[in-house]
Amino acid sequence: MVTVQKAELSHVKGICEVCTRGYWATYTSAPRSYIQRIVDGFYNVERVSKEVQNGDYWVVFDGEIVVGAGGGGMISENEGELYVLYVEPTRKYQDIGTLLLDAVTQELKELGASIQWVSVAKGNQMAIPFYESRGFRFYEERKAYASLEGEDRVVLRYKRSI
Ligand SMILES: CC(C)(COP(=O)(O)OP(=O)(O)OC[C@H]1O[C@@H](n2cnc3c(N)ncnc32)[C@H](O)[C@@H]1OP(=O)(O)O)[C@@H](O)C(=O)NCCC(=O)NCCS
């Protein structure tokens, strides 16, 4: 039985682990140096602790184990964004991603969002069908926020009404 809940500080280690494993499993064609820089920069205890204290993260537990993590927040008065969504690679297609997306979305709606955004790496054929089947539509292409000169990594911005 899996359960979704708002993340607490005691969950930070599990969140960092699931996001790090999820990132490595997803971006297999990116240079290792890029992946390492992203996971070190984004999914470290210090940064995730701040985000958890800020109320940004949700987690899915199977017993004592974190099997998925997701987070979001408001980016304008009526727009929310899904910042992060990772499911333990061995636990995909068991509705864990949907549970997390629904929890984040419900909260964003309560905060006043009627539009929800997400950025997906171009070519992420795991996440793009997932988002499209949940009503997200392609909006624009952008250079990835963490992309250095010469790396030219591209993200696709998707949005939906919520
Ligand atoms: C995207 C992700 C969060 C989905 O989580 P999940 O728990 O596997 O998703 P669910 O079980 O809730 O839903 C399965 C969905 O995955 C999608 N999917 C993509 N490829 C699929 C495949 N080969 N088989 C089945 N479903 C597939 C489908 O859209 C399916 O939706 P459906 O229920 O409408 O058929 C998960 O695959 C993941 O962690 N991916 C790696 C990290 C990532 O890309 N995160 C998003 C960054 S923006």
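Is C19 buried or exposed? I looked it up, and C19 counts as buried, with a relative accessibility of 0%. A reminder to myself before going on: this is a predicted model.

**Entry: cysteines**

Next I searched the whole structure for disulfides and got zero. C16 takes part in none, and its nearest cysteine sulfur belongs to C19, 7.1 Å away. I checked the pair from the other end too: C19 is in no disulfide either, with the sulfur of C16 as its nearest at 7.1 Å.

**Entry: the ligand**

Which residues come closest to the ligand? I found L85, D95, G97, T98 and N124 closest, in a surrounding set of 20 residues. Sorting that shell by class, I got 10 nonpolar, seven polar and three charged residues.

I then went through backbone atoms facing oxygen atoms of the ligand. For V87, a backbone N or O atom sits 2.9 Å from a ligand oxygen. For Q94, the distance from a backbone N or O atom to an oxygen of the ligand is 3.2 Å. F130 also has a backbone N or O atom by a ligand oxygen, at 3.4 Å.

How much of the ligand does the protein bury? On its own the ligand exposes 940 Å², and the protein buries 76% of that. I also asked which elements give two or more residues to the shell, and noted β4 (79-87), α4 (96-110) and α5 (127-132). Of these, α5 gives the most, with four residues.

**Entry: strand pairing around β7**

My last stop was β7, residues 154-161, and its partners. Strand β5, residues 115-121, pairs with β7 in the antiparallel sense, and I noted seven bridges for them.

How many bridges join β6 to β7? There are six, and β6 (residues 137-143) runs antiparallel to β7. Here I took R137 as my handle, and its bridge partner in β7 is K159. So that I can find my way back, I filed β7 under both partners, β5 and β6.

Key: Residues are numbered from 1 along each chain as its sequence is written. This is a predicted model: local features need pLDDT of at least 70, side-chain atom pairs count only at pLDDT 80 or more; totals for chains, interfaces and linings use all residues. Side-chain values use heavy atoms; hydrogens and water are left out. A disulfide is a pair of cysteine sulfur atoms within 2.5 Å. Buried means under 20% relative accessible area, exposed over 50%, partly exposed in between (1.4 Å probe, protein chains only). A residue is near a molecule or strand if one of its heavy atoms lies within 4 Å of it. A polar contact is a pair of N or O atoms within 3.5 Å; within protein, one must be able to donate a hydrogen and the other to accept it, and residues adjacent in sequence count only if both atoms are side-chain atoms. Accessible areas come from the Shrake-Rupley method with a 1.4 Å probe; for residues, only the protein chains shown count as cover. Ala, Val, Leu, Ile, Met, Phe, Trp, Tyr, Cys and Pro count as nonpolar, Asp, Glu, Lys and Arg as charged, and the others, Gly among them, as polar. Two strands pair if DSSP finds at least two bridges between them.
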